[in-house]
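Welcome! Have a look at the sequence and the 3D view, and keep them open while you read.

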Amino acid sequence: MPPSDVPPGTPPPDTVFHAGRLVPAHEATLRVDSMALRYGLSVFEGVRVYRQTAGGVRPWLPAQHLDRLRASLAAMLLPDPGIDAVPGIIAELTARNGITDDAYCRISVSAEGPGTIGDEVAAVLSVTLRPMGRKRWLSGAEGMRLGVSRWQRPPAATLPTHAKSIAQYAGSRIALAEAKAAGYDGCLLTTPEGNVAEAPTATLCTVHRGTLGTPPLTDGVLPGVTRAWVLAACRDLGIAAGPRSTDVARLHAADEVFLCGTGLEFAPVRAVDTVTVPDWERRPVMSRLAEKYFAEARGETRGTEVGWSSVD
Ligand SMILES: Cc1ncc(COP(=O)(O)O)c(C=O)c1O
């Protein structure tokens, strides 16, 4: 049916890829006795698809996301259900769902079959692609208020911290709920050593006297694709930057604090606990990075060379 014949109020198509087929989203299901549901065995990626200034849409840093997905599969001992097909699947979903503007693609590999904890795993690939624009933090004049949580990221000896595994999010969700109940917009999880690690779904960046720092991967943070882009982009922009452990006192002394990640993109932080971040409104470093990011994401300028790695 041509678009002009679609009755008003008709929801946009939501075709997803699941178990080798394109199906309506409500048909893409996992069994209740799957090992994914029993043991939290599922790894995933979130990839942005950006509208290009010259026309069309394009996934942003897809190779880096697939590298991390491969590393997540290996770390969680899940077989590869054929993730090399993902770029073609994204192209297909773009056409089927009529995606012509910014969108968010979620790629999951889940342990689909029934079984007990020591059994062999059969893995299923699922891909969704849905419209997603800016969060309010980047577009508006607001900044986030973050609380440092009493909850910690699991240390590397409890779970492979570089894997983007759904099991990582159970604790962060409680931390976020507590922070919101206390009046914050979000929170930062800590490490057993008392350093700050990251937000539930985004990387922490701090700026002290013009130098950008982000917690090292040895502090149990997810090796973010946006984090890798930020570190590489800082090199291009002549901004000193590198991984550095940060305790709460050092965080409270930062000139600028922001979060970054695929879904959030960039979010300025206005206050941490009760401490106002001095440069939150001007946010000189985050502004330069965000400007470069969108120029590259929209295909207006050549992309920064970004290599993803599970080690710093
Ligand atoms: C726990 C966690 N840390 C950091 C990030 C940011 O990572 P990326 O930039 O790869 O989206 C995410 C987002 O997916 C996340 O879930």
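Here is a short tour of this structure, from the whole chain down to single residues.

Please keep in mind that this is a predicted model. The protein chain folds into eight helices and 15 strands. Its radius of gyration is 20 Å, close to the 20 Å that the globule rule gives for 312 residues, so the chain is as compact as a globular protein of that length.

**The whole chain**

- Along its principal axes, the C-alpha trace of the protein chain spans about 55 × 50 × 40 Å.
- Of the 312 residues in the protein chain, 40% are buried.
- If we take the contacts in the protein chain with a separation of 6 or more, 71% of them come from residues 24 or more positions apart.

**Around the ligand**

- The residues around the ligand include Gly46, Glu198, Thr201, Ala202, Thr203 and Leu222. Also among them are Gly224, Val225, Thr226, Arg227, Gly261 and Thr262.
- Helix 6 gives the most, with three residues.
- Sorted by class, the shell has three nonpolar, seven polar and two charged residues.

**Strand 10 and its partners**

- Six of the seven residues of strand 10 are buried, so this strand is largely enclosed by the rest of the structure.
- Strand 9 (residues 196–199) runs antiparallel to strand 10, and two bridges join them. A hairpin of two residues links strand 9 to strand 10, and Ala199 stands opposite Ala202 in strand 10.
- Strand 13 (residues 256–261) pairs with strand 10 in the antiparallel sense over five bridges. Here Thr206 stands opposite Val257 in strand 13.
- Strand 11 (residues 211–214) is another antiparallel partner of strand 10, this time over three bridges. In this pair, Val207 stands opposite Leu212 in strand 11.
- The hairpin of strand 10 and strand 11 has two residues between the strands, and in it Arg209 takes a positive phi near 45°.

**Helix 6**

- Does the length of helix 6 agree with what its residue count predicts, or disagree? At 1.5 Å a residue, its 13 residues should span 18 Å, and its end C-alpha atoms are 18 Å apart, which agrees.
- The buried residues of helix 6 include Val225, Thr226 and Arg227, and these three also belong to the residues around the ligand.
- Others among the buried residues of helix 6 are Ala228, Trp229, Val230, Leu231, Ala233 and Cys234.
- The buried residues of helix 6 pack against helix 2 (62–75), strand 10, strand 11, strand 12 (241–243), strand 13 and helix 8 (284–297).
- Just after helix 6, Gly238 takes a positive phi of about 75°.

- Asp273 lies in the loop between strand 14 (265–272) and strand 15 (275–276). Its phi is positive, at about 55°, although Asp273 is not a glycine.
- Is Asp273 buried or partly exposed? Asp273 has 13 C-beta neighbours inside 10 Å, so it counts as partly exposed.
- Arg283 is found in the loop between strand 15 and helix 8. Phi of Arg283 is also positive, near 30°, in a residue other than glycine.
- Arg283 counts as buried because 22 other C-beta atoms lie within 10 Å, and the cut-off for being buried is 20 or more.

How values were computed: Residues numbered from 1 in each chain as written. Predicted model: local features only at pLDDT ≥ 70, side-chain atom pairs only at ≥ 80, totals over all residues. Helix = DSSP H or I, 4+ residues; strand = E, 2+ residues; numbered from the N terminus. Rg over C-alpha atoms; globule rule 2.2 N^0.38 Å. Buried ≥ 20, exposed ≤ 12 C-beta atoms within 10 Å, placed from the backbone. Contact = placed C-beta atoms within 7 Å. Near = placed C-beta within 6 Å. Nonpolar A, V, L, I, M, F, W, Y, C, P; charged D, E, K, R; others polar. Pairing = 2+ DSSP bridges. Expected span 1.5 Å × (residues − 1).
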